[in-house]
Amino acid sequence: MSPDCIFCKIAGRQEPADIIYEDEEAIVFKDINPSAPIHLLVCPKEHYSTFLKTPPEVLPMLQDVIRKVAKQLEIDESGFRMIINNGRGGGQIIFHLHIHLLAGKRLGGF
C-alpha cells in the first residue's frame, strides 16, 4: 500500500467509497465522476502505479473480477467497455492501476 494513494486508502477502508465487490486481491467501487450509468473502478489491492509496472499475472485476476461483477450486475453481451489509462499522456489521473468498467448506455456512438 502506498500511504498517499487514494485507491490504497479505499482498499484499506481509510477513505469512503461505494464498494460493489471485494475479495482478498481486488476491490471494485463506483467512480465519483461517472461517464456512464454504470462506471466502476476495478483495482488490485496491491499498489502498482501504472499498467507497465504491474506484474503480468495481475491482469487475468482483474479480468476474472470483471466477469464476476458483470454477472452480479447483470451486465451482459449487450455491451460494456473496459479502459486502462496508462501514464499522464494516456489520461491516467490516479497512479494506482485500475480498469474502468462502463456500461448502461450505448458507448462509442455505434
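In this predicted model, strands are DSSP runs of E at least two residues long, numbered from the N terminus. With that in hand, G104 sits in the segment after β5 (99-103).

Q: What makes H98 count as buried?
A: The cut-off for buried is under 20%. H98 comes in at 7% relative accessibility, so H98 is buried. You'll find H98 in the loop between β4 (80-83) and β5. Beyond its neighbours within four places in sequence, H98 is in contact with F7, L41, V42, C43, I83 and I84.

Q: How do you know that the side chains of H98 and H100 make a polar contact?
A: Polar contacts need N or O atoms within 3.5 Å, and these two side chains are joined at 3.4 Å. H98 also has a side-chain polar atom 2.7 Å from the backbone oxygen of H96.

Q: Why is the pair of F7 and F29 called edge-to-face?
A: The structure holds one aromatic pair. Its ring centres, those of F7 and F29, are 5.2 Å apart, and the planes stand at 75 degrees. Centres within 6.5 Å make a pair, and planes over 60 degrees apart count as edge-to-face, so that is what this one is.

Q: What makes this a link between distant parts of the chain?
A: F7 belongs to helix α1 (residues 6-11) and F29 to strand β2 (residues 26-30), 22 residues apart. Both F7 and F29 are buried.

Key
Residues are numbered from 1 along each chain as its sequence is written. This is a predicted model: local features need pLDDT of at least 70, side-chain atom pairs count only at pLDDT 80 or more; totals for chains, interfaces and linings use all residues. Side-chain values use heavy atoms; hydrogens and water are left out. Helices (H or I, at least four residues) and strands (E, at least two) are DSSP runs, numbered from the N terminus. Buried means under 20% relative accessible area, exposed over 50%, partly exposed in between (1.4 Å probe, protein chains only). A polar contact is a pair of N or O atoms within 3.5 Å; within protein, one must be able to donate a hydrogen and the other to accept it, and residues adjacent in sequence count only if both atoms are side-chain atoms. Contact means heavy atoms within 4.5 Å. Rings of Phe, Tyr and Trp (its six-membered ring) pair if their centres lie within 6.5 Å; planes under 30 degrees apart count as stacked, over 60 as edge-to-face and the rest as tilted.
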